[in-house]
Amino acid sequence: MRPSTVAKVIRIVSGLYAVAIYGFIFLPVGVLVLFSLQATSFPIPPFTGPSLRWYDAVLADTRLTSALVNSLLVAALSSAVAVTLGFLSAWGFARFTLPGSALLRGLITLPLTVSYLIIGMGLLVLFNWAGVPKSLLAAGIGHVVINLPLCFAIIYSQMGDHQINIERAARDLGAPEWKVLLLVTVPVMAPAIFAGFFLSMTFSWDEFVISFLLTRFDTTLPVEIWNLLRSGLNPKTNAVGSLVFAVSIVLVVFFELMLLRRKPA
Amino acid sequence: MTAPLVDIRAVSHRFGQQTVLKNVSLQIEPGSYTILLGPSGSGKTTLLSILGGFVTPSEGKVLIRGEDCTTVPPAKRPTTTVFQDYALFPHMSVGGNVGFGLRMQGVDAATRAARAREALALVGLAAAFDKKPHQLSGGQRQRVALARALVVEPAVLLLDEPLGALDLKLRRQMQDELKAIQKRVGTAFIHVTHDQEEAMALADHCVVMNDGRIEDEGPPERVYARPATRFSATFMGESTLISGAVTEAKDGTITVATQTGSFSLPGTLPAGMAVALAVRPEHLVLGAAGGAIRLGTAKVSDVVFQGSFKRVLAASENDPALHFIARVPAAAVVQPGDIVAVSCDAGDVILLTG
């Protein structure tokens with residue numbers, strides 16, 4: 001075979017390989033979305049749609065819509081708390097010499113490696129002992145626990161030495177410490193802060209285990225979907241799943257935009 | 001006698017085990033342009049940080065306008081700093097940057113804008129008010145940093161290698177402007193640099209630092225013509241240094257013996273003292289018809305044409321450790337390998353004991 005033919009074969013094979021990988025990742029989601037548009041009562045082939053009747057059914061279901069609102073609230077508030085705490089700890093580690101700094105930084109990011117099930121169970125035991133009832137608040141606290149390390153890691157990685165002089169300049173011009181933070185550090189760090197916020201929202205938005213363990217009557221959308229699934233598959237679950245996926249996509253796009261937005265030199 | 005504007009009293013500073021400032025005392029007069037000149041690691045930047053309040057000295061005091069400011073934080077000091085990297089606020093407009101200090105003082109927005117425009121006009125950037133820092137060139141950012149620091153009317157303006165990041169041509173141009181602005185506003189400037197040309201061009205008062213100490217201070221003309229130590233003779237301009245010892249001293253004349261001959265010079269040092277003779281390049285005469293101090297012959301090792309003159313390096317034939325640095329007219333005929341007689345006038349010899 002001539003070298004150019006070999007190159008062509010290699011290109012075709014690697015193309016097929018890429019298609020296979022992306023297919024493996026996205027086919028389940030594609031099927032989910034496709035059968036959410038099913039016109040008949042079972043999400044199984046043949047495809048009978050497209051129809052939006054199951055989306056209408058989802059929006060008419062007050063349990064699902066109120067769970068959706070709950071999820072958005074928990075995601076937004078817990079992410080705001082996580083990103084605030086993450087920012088403050090990143091700033092502290094970056095600007096001050098702390099005893100055992102490396103160890104403490106390791107400890108703060110450790111929850112990233114612990115399974116949500118363990119964190120959820122731990123919080124369940126702790127809240128039982130402390131008398132905190134199962135609620136959206138409890139789930140929100142759980143989401144702060146899992147997202148704070150993430151926000152910390154993102155913001156800390158973007159907090160370079162070149163901002164030190166900018167903060168110094170603000171202090172030099174008479175700014176008290178809280179104004180330095182609010183008027184200078186936060187705006188300069190805004191891309192990383194928003195990136196942390198949107199990634200936290202993404203994770204909180206479709207988090208199931210912790211919400212399942214820590215909520216009771218009012219609950220979040222993933223838990224409500226699980227309740228729905230217990231009564232068997234129907235296109236409504238596909239429709240609500242597609243909605244969850246769509247919101248996640250939007251959040252991830254925001255995250256990417258924030259993190260990849262390069263500041264002009 | 002009026003009190004000095006800034007009075008640095010016996011300041012020492014250590015970073016861990018390393019002592020970076022050793023018992024430094026310095027006084028700054030109102031309205032003066034002071035240059036702290038020294039190589040990296042000489043402690044000049046640390047001294048500036050201590051003045052700005054970013055570093056609290058391990059020992060000693062800093063008085064500004066007669067008040068003890070040693071532990072006063074930067075925000076509450078009558079000093080402002082122009083940082084080496086300018087440290088402009090990237091998310092604010094140029095006007096916002098310049099107005100920041102006034103905003104912290106609680107000045108209302110309209111007054112703030114007016115004064116920021118004035119300060120920008122002072123540095124020749126009146127048109128940049130609404131731009132963002134990243135839209136400006138390095139030289140323009142430098143001016144914004146200067147305007148931002150000056151608009152709050154500090155008692156002392158501190159400049160940390162302000163021209164370090166600019167190319168040579170722009171540096172010389174900004175240098176002239178800095179001096180002009182300083183004269184116009186009348187604020188005392190303290191400027192750190194390692195560039196001796198910058199120091200000579202700008203300073204009213206030049207402070208030469210080395211290894212945590214002040215080696216020499218005074219008007220740049222004096223520091224150049226009569227350096228106090230070997231270090232300042234070689235750092236502030238070039239010098240040929242000849243080591244020797246005093247062998248005889250009487251009636252205000254001393255005899256100094258060196259490897260390349262004995263010379264009678266005016267002076268009152270005791271016999272037996274080790275000294276060095278320093279001669280500026282422009283004072284060395286190459287060739288037969290020279291000055292009274294005959295420094296022997298030397299073999300020319302290098303000739304560098306520098307436009308208006310030639311810089312000649314020559315190794316002494318009497319003392320292998322002695323290297324002459326001379327400056328001769330551009331038209332002079334001299335080539336590497338030539339053997340030349342070297343001499344100078346007694347009045348041009350700088351006697352160094354340090």
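In the predicted model, chain B comprises eight helices and 20 strands. The C-alpha trace of chain B extends over about 75 × 45 × 40 Å along its principal axes. Of the 354 residues in this chain, 43% count as buried. Contacts between residues at least 6 apart in sequence are joined by residues at least 24 apart in 63% of cases. Confidence in chain B is expressed by a mean pLDDT of 89, with 99% of its residues at 70 or more. For the complex, the predictor reports an ipTM of 0.79 and a pTM of 0.78.

The domain assignment divides chain B into domain 1 (6-234) and domain 2 (238-352). Six residues from domain 1 of chain B and seven residues from domain 2 of chain B take part in the contact between them. On the side of domain 1 that touches domain 2 of chain B, two residues are nonpolar, two are polar and two are charged. A distance of 38 Å separates the C-alpha centres of domain 1 and domain 2 of chain B.

Helix 1 of chain B (residues 44-52) is largely enclosed by the rest of the structure, because nine of its nine residues are buried. The buried residues of this helix are B:Lys44, B:Thr45, B:Thr46, B:Leu47, B:Leu48, B:Ser49, B:Ile50, B:Leu51 and B:Gly52.

Strand 9 of chain B pairs in the parallel sense with strand 3 (residues 33-37) of chain B, over four bridges. Within this pairing, B:Thr34 has B:His205 of strand 9 as its bridge partner. Strand 9 of chain B also runs antiparallel to strand 10 (residues 213-218) of chain B, to which five bridges join it. Here B:Asn210 stands opposite B:Arg213 of strand 10. Strand 9 and strand 10 of chain B form a hairpin with two residues between them, and in the turn B:Asp211 has a positive phi of about 50°.

A further element of chain B is an open sheet of five strands, ordered 13-12-11-14-20, with antiparallel pairing. In strand 20 of chain B, B:Leu351 is the bridge partner of B:Leu277.

Between the chains, 18 residues of chain B are in contact with 19 residues of chain A. Strand 6 (79-82) and helix 2 (94-104) of chain B each contribute at least two residues to the side of chain B that touches chain A. Helix 2 of chain B gives the most to this side, with three residues. By class, the side of chain B that touches chain A holds 10 nonpolar, seven polar and one charged residues.

Helix 2 of chain B also contains B:Val98. This residue, B:Val98, counts as buried because 32 C-beta neighbours lie inside 10 Å, where 20 or more are required. Leaving aside residues up to four places away in sequence, B:Val98 touches B:Ala116, B:Ala119, B:Leu120, B:Val144, B:Ala147, B:Arg148 and B:Val151. The C-alpha atom of B:Val98 is separated by 55 Å from that of B:Ala321, and the two residues are 223 residues apart along the chain.

How values were computed:
Residues are numbered from 1 along each chain as its sequence is written. Chains are lettered from A and ligands numbered from 1 in the order in which they are written. This is a predicted model: local features need pLDDT of at least 70, side-chain atom pairs count only at pLDDT 80 or more; totals for chains, interfaces and linings use all residues. A residue is buried if 20 or more other C-beta atoms lie within 10 Å of its own, exposed if 12 or fewer, and partly exposed in between; C-beta atoms are placed from the backbone. Domain bounds come from an automatic or database domain assignment. Two residues are in contact if their C-beta atoms, placed from the backbone, lie within 7 Å. Ala, Val, Leu, Ile, Met, Phe, Trp, Tyr, Cys and Pro count as nonpolar, Asp, Glu, Lys and Arg as charged, and the others, Gly among them, as polar. Two strands pair if DSSP finds at least two bridges between them. pLDDT is the predictor's confidence in each residue, from 0 to 100.
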